[in-house]
Amino acid sequence: MESILKAVGLNTFYDRSHILFDVGIDVEPGETVCLMGRNGVGKTTTFRSLIGLTPPRSGKIEFKGKTCTGLAAHKMARMGLGFVPEDRRILGPFSVRENLELGRIPGRHGRWNLDSVFAQFPILAEMSERLGGTLSGGEQQMLTIARALMGNPDVLMLDEPSEGLSPVIVGDMKRLVLELKSADTTILLSEQNLKFALAVSDRVVVLDKGHVVYTGSVGQFQKEDQVHKKYLAV
Ligand SMILES: Nc1ncnc2c1ncn2[C@@H]1O[C@H](COP(=O)(O)OP(=O)(O)OP(=O)(O)O)[C@@H](O)[C@H]1O
Ligand SMILES: [Mg+2]
């Protein structure tokens, strides 16, 4: 199948620090691909490279068949690349409803609007007038994902969605990702939680020190004890 999001040979730097080395990523429509690896291996930098927040110094990015290397983040968002960053960027002084409305992207329509988001996230509907800053960590994480959905992305990128959540909320998050997946949402996520990654992904890409060191189906990856030991914090 044709990939919907494809990166080849990404080399990304922060100033003079070379962080990503020839990183390649390939996501097919409807697929859930998980980037894995320990702290500091370059997962967030890969997302930042793809969405144009830290454009790669070399390499090529294609999204929906168009070359878009070096395109600014707001243009990538308008093309349909959704990004939920690691640090939940909820606007504390704005209500849940207002935070969601800020996720709308002009010209992008589809399954998600205020009503369908509230139906998917009843807890957000209940607290729609509450200020974002008063939500718990788990609720804020749900809100950031719901806000990204409001932009009706063609590919949703989630940077460590289970990080810092209690086991119960991790369970909710897992169900949410599985539901999105069963509705054919294309997802690229990063995770350090192996169980979570195995439960939601179709394919896994492992990074180490800015290099892709493993890629395989989740079925293959499940059996790779040596890869888990060597490259993951398990
Ligand atoms: N703004 C920055 N300036 C300089 N170096 C940075 C910057 N952001 C990240 N780095 C460095 O780049 C490397 C990759 O970081 P990155 O955040 O992409 O890793 P990560 O895999 O997302 O880690 P984590 O699991 O902790 O989120 C690390 O060595 C980090 O210290
Ligand atoms: Mg990160």
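This is a predicted model: local features need pLDDT of at least 70, side-chain atom pairs count only at pLDDT 80 or more; totals for chains, interfaces and linings use all residues.

**Exercise 1: The ligand site**

Task: Identify which of the 13 residues around ligand 1 come nearest, and state how far the polar side-chain atoms of Asn-39, Lys-43 and Gln-192 lie from its oxygen atoms.

Solution. 
- Step 1. For Lys-43, a polar side-chain atom is placed 2.8 Å from an oxygen atom of ligand 1.
- Step 2. The side chain of Gln-192 has an N or O atom 3.0 Å from an oxygen atom of ligand 1, and Asn-39 has a polar side-chain atom 3.1 Å from a ligand oxygen.
- Step 3. With a cut-off of 3.5 Å for N or O pairs, the distances of 2.8 Å for Lys-43, 3.0 Å for Gln-192 and 3.1 Å for Asn-39 qualify as polar contacts.

**Exercise 2: The domain interface**

Task: Describe how the chain is divided into domains, and characterise the area that domain 1 and domain 2 bury between them.

Solution. 
- Step 1. Domain 1 comprises residues 1-80, 155-161 and 185-234, while domain 2 covers 82-153.
- Step 2. The centres of the two domains, taken over C-alpha atoms, are 24 Å apart. To their contact, domain 1 contributes 16 residues and domain 2 contributes 13 residues.
- Step 3. About 1300 Å² is buried between the domains, with 58% of it on carbon and sulfur atoms. On the domain 1 side, Arg-78, Leu-156 and Asp-159 account for 32% of the area buried against domain 2, more than any other three residues.
- Step 4. The interface has 0 salt bridges by the rule applied, but 8 residue pairs in polar contact are found across it.
- Step 5. At least two residues each of the domain 1 side come from α1 (43-51), α2 (73-79) and β7 (155-159); the largest share, 5 residues, belongs to β7.
- Step 6. Sorted by class, the side of domain 1 that touches domain 2 holds 10 nonpolar, 2 polar and 4 charged residues.

Technical notes:
Residues are numbered from 1 along each chain as its sequence is written. Chains are lettered from A and ligands numbered from 1 in the order in which they are written. Side-chain values use heavy atoms; hydrogens and water are left out. Domain bounds come from an automatic or database domain assignment. Contact means heavy atoms within 4.5 Å. Buried area is the accessible area (1.4 Å probe) that two parts lose on being put together, summed over both. A salt bridge is a side-chain nitrogen of Lys or Arg within 4 Å of a carboxyl oxygen of Asp or Glu. A polar contact is a pair of N or O atoms within 3.5 Å; within protein, one must be able to donate a hydrogen and the other to accept it, and residues adjacent in sequence count only if both atoms are side-chain atoms. Helices (H or I, at least four residues) and strands (E, at least two) are DSSP runs, numbered from the N terminus. Ala, Val, Leu, Ile, Met, Phe, Trp, Tyr, Cys and Pro count as nonpolar, Asp, Glu, Lys and Arg as charged, and the others, Gly among them, as polar. A residue is near a molecule or strand if one of its heavy atoms lies within 4 Å of it.
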